[in-house]
Amino acid sequence: MSEGEERQYRQEDSKVEVSGFEAKYYDTLMNLITLGRYPSFIRRAVDDLDLKPGHRVLDLGAGTGRNALLMHERIAPGGEIIALEIGEEMKAQFIRKTQRYPDIRLEERRIDGPLPYEKEFDTVFISFVLHGFVQERRETILANAWRALKPGGRFSILDYNNFDVDAVPVWIRFAIRRVECPLAEDFIRRDTRQMLSRHGFGTFRQHEYFGGYLRLLTAEKAF
Ligand SMILES: C[S@@+](CC[C@H](N)C(=O)[O-])C[C@H]1O[C@@H](n2cnc3c(N)ncnc32)[C@H](O)[C@@H]1O
């Protein structure tokens, strides 16, 4: 692409609505792609959320329930997880994994449309989901997170870091451009902190993983 020319992204190009084989074996595929490192990585990332017993968490695009179970270890007793998910295979796995816990609730809602929550949650978490939306929908998701959080609450985005895709090793560039969701590169190129600041978030905290290509970016909704 020449300088100044901006690629147009369409939501139809996104791979974020995972279905079929990929959804059915999602956790196993993540373990394989990361050569077995995913379980320890995701445990560390959930530790870095700094959740406390009694916290209420809203999980946007919750997936199979693997993350919810890890978060549950930290928010129990007294806390609650509301997980939003629309994928059929994902929902089925989520229900299977979490049915023992009445304090983990799955709701079938699109996260990129209006949500009914206001000042209810200590943490809003979104893990490997935000990159898969066109910018306009990302802004809606950020506005939803802001509205759903209590004052002093935290929004945590686990996803790609911001970096220069042209400058990374060729195999990473290949994975981003040829294997990943086509919208991921657009997400990586945009300044996520700036995006969050525009919605009123501040006091950023960042944890990095996998050589800094992935990060947990946490921002606060001020009192
Ligand atoms: C890449 S997976 C990540 C799942 C989970 N957050 C994780 O980290 O394992 C993306 C998830 O977002 C869900 N999703 C995609 N678009 C969505 C939407 N508009 N509303 C709710 N969930 C959505 C998909 O069904 C899928 O489970």
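In which sense do strand E6 and strand E7 pair? Strand E6 (residues 201-209) and strand E7 (residues 214-221) run antiparallel to one another, joined over 7 bridges. Strands here are DSSP runs of at least two residues and helices (H or I) are runs of at least four, both numbered from the N terminus, and two strands count as paired if DSSP finds at least two bridges between them. This is a predicted model, in which local features need pLDDT of at least 70, side-chain atom pairs count only at pLDDT 80 or more, and totals for chains, interfaces and linings use all residues. Residues are numbered from 1 along each chain as its sequence is written.

Let us stay with that pair for a moment. Gln206 stands opposite Leu217 in E7. The two strands form a hairpin with 4 residues between them, and Phe210 in the turn has a positive phi of about 50 degrees. Phe210 has 13 C-beta neighbours inside 10 Å, so it counts as partly exposed. On this scale, with C-beta atoms placed from the backbone, a residue is buried if 20 or more other C-beta atoms lie within 10 Å of its own, exposed if 12 or fewer, and partly exposed in between.

Asp50 also has a positive phi, about 60 degrees, although it is not a glycine. You will find Asp50 in the loop between helix H3 (38-48) and strand E1 (56-60).

Now turn to helix H5 (residues 88-98), where Met90, Lys91, Gln93, Phe94 and Thr98 are buried. Seen down the axis of H5, these buried residues fall within an arc of 165 degrees, so they line one face of the helix; the arc is taken from the directions from the helix axis to the C-beta atoms. Their cover includes helix H1 (20-24), helix H4 (66-75), strand E2 (80-84) and strand E3 (104-107), where contact means that two C-beta atoms, placed from the backbone, lie within 7 Å.

Helix H4 holds Arg66, which counts as buried because it has 22 C-beta neighbours inside 10 Å. Not counting residues up to four places away in sequence, Arg66 touches Asp27 and Ile42. In the loop between H4 and E2 sits Pro77, and the peptide bond from Ala76 to Pro77 is cis, with omega near -5 degrees.
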